[in-house]
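Let's take a friendly walk through some side-chain contacts. Have the sequence and the 3D view ready, and look up each residue as it comes along.

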Amino acid sequence: MSNTMIITSGGGKKVNAEYRGFTIETDQSERNGGEGSAPEPFSLFLASIGTCAGIYVFSFCQQRGIPTEGVRIVQNHHRKEEGAGIGKISIDIEVPEDFPEKYRDALVKAANLCAVKKHIQDPPVFEVVTKVAGT
């Protein structure tokens with residue numbers, strides 16, 4: 001399995017990522033000079049947190065035969081008080097009234113298994129260099 005992602009320009013403010021047979025398209029909002037034709041990269045970053053938690057929550061339910069209808073994850077991000085950036089991300093797992101109470105805390109534990117969240121909490125080292133193609 002390849003760990004290589006190829007990032008290319010899609011024209012204008014569009015940037016695409018080719019990874020494992022998928023093309024992930026991004027664009028900037030019209031306010032930021034783009035066409036608004038695809039999510040902005042930062043929106044995909046935020047979505048990766050919520051959808052990763054969702055994989056674990058919905059899998060937990062499916063493994064136990066618990067219906068997932070009415071279960072949803074509501075994610076909010078809150079700005080830092082002392083400047084730009086995000087200071088807090090909150091994830092609420094909403095369940096219907098008839099959801100088994102004995103599994104409610106376990107859903108939180110399942111969501112906390114999210115690999116994206118773990119990588120944010122223990123970030124990788126970044127290395128950015130310029131290379132001449134073909135060398």
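How many aromatic pairs does a search of the whole structure find? The search turns up two. Keep in mind that this is a predicted model.

**Ring meets ring**

Start with Phe42 and Phe45, whose ring centres are 5.3 Å apart. Their planes make an angle of 40 degrees, and the pair is tilted. Both residues sit in helix H1, which covers residues 41-63; they are three residues apart, so about one helical turn separates them.

Now move to Phe60 and Tyr103. Here the centres lie 5.6 Å apart and the planes stand at 75 degrees, so this pair is edge-to-face. It links distant parts of the chain: Phe60 belongs to helix H1, while Tyr103 is in the loop between strand S5 (86-94) and helix H2 (104-111), 43 residues away. Phe60 has a relative accessibility of 10%, so it counts as buried. Tyr103, with 21%, is partly exposed; the cut-off for buried is under 20%.

Phe60 has another neighbour to look for. Arg64 lies over the face of the Phe60 ring, at 3.7 Å from the ring centre.

**Charge meets charge**

Side chains of opposite charge can pair when their charged atoms come close.

| Salt bridge | N to O distance |
|---|---|
| Lys14 and Glu35 | 3.2 Å |
| Arg72 and Glu94 | 2.7 Å |

Glu35 reaches 52%, so it counts as exposed; the cut-off for exposed is over 50%.

The other bridge joins Arg72 to Glu94. Arg72 lies in strand S4 (residues 72-79) and Glu94 in strand S5, so this contact ties together parts that are 22 residues apart in sequence. Glu94 is partly exposed because its relative accessibility is 35%.

Key:
Residues are numbered from 1 along each chain as its sequence is written. This is a predicted model: local features need pLDDT of at least 70, side-chain atom pairs count only at pLDDT 80 or more; totals for chains, interfaces and linings use all residues. Side-chain values use heavy atoms; hydrogens and water are left out. Rings of Phe, Tyr and Trp (its six-membered ring) pair if their centres lie within 6.5 Å; planes under 30 degrees apart count as stacked, over 60 as edge-to-face and the rest as tilted. Helices (H or I, at least four residues) and strands (E, at least two) are DSSP runs, numbered from the N terminus. Buried means under 20% relative accessible area, exposed over 50%, partly exposed in between (1.4 Å probe, protein chains only). A charge sits over a ring if NZ of Lys or CZ of Arg is within 6 Å of the ring centre and within 35 degrees of the ring normal. A salt bridge is a side-chain nitrogen of Lys or Arg within 4 Å of a carboxyl oxygen of Asp or Glu.
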